[in-house]
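Here are my notes on the model, point by point. Please read them with the coordinates open.

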Amino acid sequence: MRRRREGWRGRSRAVLAGLAALLAVVAPVGRATTATAADAPPPYHFAADAERIEGATQSIDAEPLTPGTYYRSTIRDNGKLYYGLRLDEASGAAGAYVSATAVPKPGTTVGYSDGIKVSLQDPDGHRCFSGDAGVARFGPTKSPRPLTAWASRRTGPGAYTCKEAGTYAVLVERTSGPGSSLDDWELELQYVSEPALAKTASTVAPQVWDSASPQAVEGLARTRQGGTGFSGARSLEQGVWTDGIRAGQTLFYRVPVDWGQQLDATAELGPASGDGYLGNALVLSLHNPVRALVDDATTGYDGSKKQTALEPLPPVAYENRFAVDDQVGGMRFAGWYYLVVHLAAETSEKFGDGPIELTLRVRVRGTAGEPPAYSGAAVPRDVFEVTARDRHAAASGSAATGGDGGDGGSSGGNTAMKAVAVSGIGTGCVLVLGLAMWTVVARRRAGAKAEAEAPEGAVPVTGAGAARTYGRARAR
């Protein structure tokens with residue numbers, strides 16, 4: 001008899017212990033006070049099919065890049081690396097666009113002027129002037145994050161340098177100031193080839209377009225988790241989108257913008273507990289289909305709701321490339337435009353590790369127009385088009401397909417969504433365990449009562465039918 005009671009007690013203690021352990025795991029999600037490995041921002045996810053390439057220290061030794069291919073490389077502190085490009089004569093030839101995304105390790109120290117520079121040199125070593133910005137810096141945020149710079153060779157009418165055929169060199173330079181970390185930076189390189197036009201077009205950028213700031217997009221917010229790299233950027237269509245972002249984290253989204261259409265976007269940080277003020281806490285950047293920076297905007301943060309917005313941008317047009325303004329020049333082709341959002345690492349010191357609610361408001365204005373009369377196909381194919389598949393991806397929220405091995409746009413990045421999921425699952429498990437505990441106690445009481453009423457010599461039966469068996473024994 002004692003052995004049976006000990007068994008019930010043992011099982012009761014085991015259930016209680018399991019319940020206590022689960023309650024400890026599913027503690028209420030709140031403002032983090034201590035950073036852990038799980039709280040650290042996820043790393044940048046490189047394209048899964050990126051080829052490893054070593055940059056040369058001299059242009060003559062540079063390994064050539066192939067259009068439509070992703071590459072990974074590494075650059076040292078204040079390093080200079082060369083990569084090769086084989087280009088045809090500029091007259092009637094395709095345009096060349098090369099971008100380099102530098103990825104410092106999380107937690108490294110970077111300064112205001114630290115960053116990367118990308119330039120193109122002709123076979124004689126002369127720098128190609130394209131009118132495009134080829135420098136990216138961390139700026140006043142001074143927070144380590146992926147930085148992207150680009151260079152291009154302008155072709156056709158209006159091109160005055162780098163017109164001959166030959167082997168060109170892409171020079172990637174890293175600049176670091178005193179006090180910055182000396183760790184190597186990873187690089188992701190992309191080379192995109194744009195076909196020439198079949199016929200001569202205007203070489204003057206549009207002078208008139210709607211530059212008024214539109215009303216912010218309103219409506220029911222939908223949840224969509226950002227990716228952690230260009231290749232895993234989560235697709236968005238026009239609307240209001242929510243996510244969660246941690247201090248030091250960078251999230252990537254992409255929006256299809258067709259010829260003749262305008263893109264407007266704002267980013268908003270929700271409230272958080274804490275004290276103090278941090279200038280330039282949130283950075284919103286826009287990159288075009290060749291990953292070139294078009295515009296960026298920042299805002300400070302004091303724990304209350306804050307918002308920043310991109311400047312009004314012109315409709316996408318081929319002729320925009322001839323504009324003096326880099327923002328206008330960046331809107332030169334249709335395709336996927338990337339919204340990149342970064343929350344400064346220093347935010348955690350005043351407002352915890354988060355996550356903090358992030359709201360994106362995206363608007364695409366205008367009707368899709370006719371594409372320019374290209375004489376061939378771009379490499380990679382469809383990079384300067386918006387296809388029916390692209391629109392479907394924006395509606396469904398799929399990740400970019402050049403991909404990072406199933407990042408799916410989340411890649412461990414959206415802790416807010418995970419916290420909600422874990423707490424919901426945990427709550428369900430607590431209820432189930434509570435029911436199980438109630439059943440154990442009820443059965444134990446029923447068994448004890450039947451045991452006390454049983455006639456002397458009756459044999460106890462274990463299991464759910466014990467009380468009924470004692471009853472039948474009494475009837476006999």
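1. Arginine 361 is buried, at 15% relative accessible area. Buried here means under 20% relative accessible area, exposed means over 50%, and partly exposed lies in between (1.4 Å probe, protein chains only). The partner of arginine 361 is glutamate 218, and their side chains meet in a salt bridge at 3.7 Å, N to O. Glutamate 218 lies in the loop between β9 and β10 (222–223), and arginine 361 in strand β19 (residues 356–365), so the pair ties together parts 143 residues apart in sequence. Glutamate 218 is exposed, with a relative accessible area of 63%.

2. A caution on the source: this is a predicted model, in which local features need pLDDT of at least 70 and side-chain atom pairs count only at pLDDT 80 or more, while totals for chains, interfaces and linings use all residues. Residues are numbered from 1 along each chain as its sequence is written, and side-chain values use heavy atoms, with hydrogens and water left out.

3. How many salt bridges does a search of the whole structure find? The count is 12. The criterion is a side-chain nitrogen of Lys or Arg within 4 Å of a carboxyl oxygen of Asp or Glu. One network of salt bridges links Arg52, Arg72 and Glu186.

4. Look next at glutamate 188. Its side chain forms a salt bridge with that of arginine 291 (2.9 Å, N to O). Glutamate 188 sits in strand β9 (residues 185–194), arginine 291 in the loop between β15 (278–287) and β16 (293–301); they are 103 residues apart. Strands are DSSP runs (E, at least two residues) and helices likewise (H or I, at least four), numbered from the N terminus. Glutamate 188 is buried at 0% relative accessible area. Arginine 291 is buried too, at 2%.

5. Strand β9 also holds glutamate 194. The side chains of glutamate 194 and arginine 321 meet in a salt bridge, again with N to O given as 2.9 Å. Arginine 321 lies in the loop between β17 (306–309) and α2 (326–330), 127 residues from glutamate 194. Arginine 321 counts as buried at 7% relative accessibility. Glutamate 194 is buried at 2%.

6. Now the sheet. It is open, with 4 antiparallel strands in the order β3-β8-β5-β6. Strands pair if DSSP finds at least two bridges between them. β3 (80–87) and β6 (135–137) are the edges; each has a single partner strand, so one side of each lacks a neighbour in the sheet.

7. β3 and β8 (residues 166–175) run antiparallel, joined by 8 bridges. Leucine 81 stands opposite valine 172 in β8.
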